Amino acid sequence: MEHVRLHDKKQIEQCLRKDLFRNIYGIGDLDDFYWPYTAWYGLHSEKELTTVALVYSGTSLPILVAFSLEGDEGVAALVQSIQP
């Protein structure tokens, strides 16, 4: 499975809202204030974006946060695929 770089806030938000309470901080990072410090990556199933990873570089140490739908096995694959 190969990751894609995500640039569409609406597409990212739509995926994160599938589990709003778990992903509320990720949705907050879509705000224009944080957007320049973020890099978003994702994996798609046949029909939809199911796994999202955020690399936040607005601090001295970059932060990686990964989001997935319950039962999705793609998180490990996504994180491994975006390693430099």
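Guide: Two strands pair if DSSP finds at least two bridges between them. Helices (H or I, at least four residues) and strands (E, at least two) are DSSP runs, numbered from the N terminus. This is a predicted model: local features need pLDDT of at least 70, side-chain atom pairs count only at pLDDT 80 or more, and totals for chains, interfaces and linings use all residues. Residues are numbered from 1 along each chain as its sequence is written, and side-chain values use heavy atoms, leaving out hydrogens and water.

Visitor: In what order do the four strands form the open sheet?
Guide: The pairing is antiparallel. Strands E1 (4–6) and E4 (63–68) are the edges, each pairing on one side only. So, reading across, the order is E1-E2-E3-E4.

Visitor: Which residue in E3 does Thr38 stand opposite?
Guide: E2 and E3 run antiparallel, joined by seven bridges. A hairpin of four residues links E2 to E3. Opposite Thr38 stands Tyr56.

Visitor: Which residue in E4 is the bridge partner of Ala53?
Guide: E3 (residues 49–56) and E4 pair in the antiparallel sense over six bridges. A hairpin joins E3 to E4 through six residues. Val55 has Leu64 as its partner in E4, and for Ala53 the partner is Ala66.

Visitor: Is Gln83 buried or exposed?
Guide: Gln83 comes in the segment after helix H3 (74–81). Buried means under 20% relative accessible area, exposed over 50%, and partly exposed in between (1.4 Å probe, protein chains only). Gln83 has a relative accessible area of 54%, so Gln83 is exposed.
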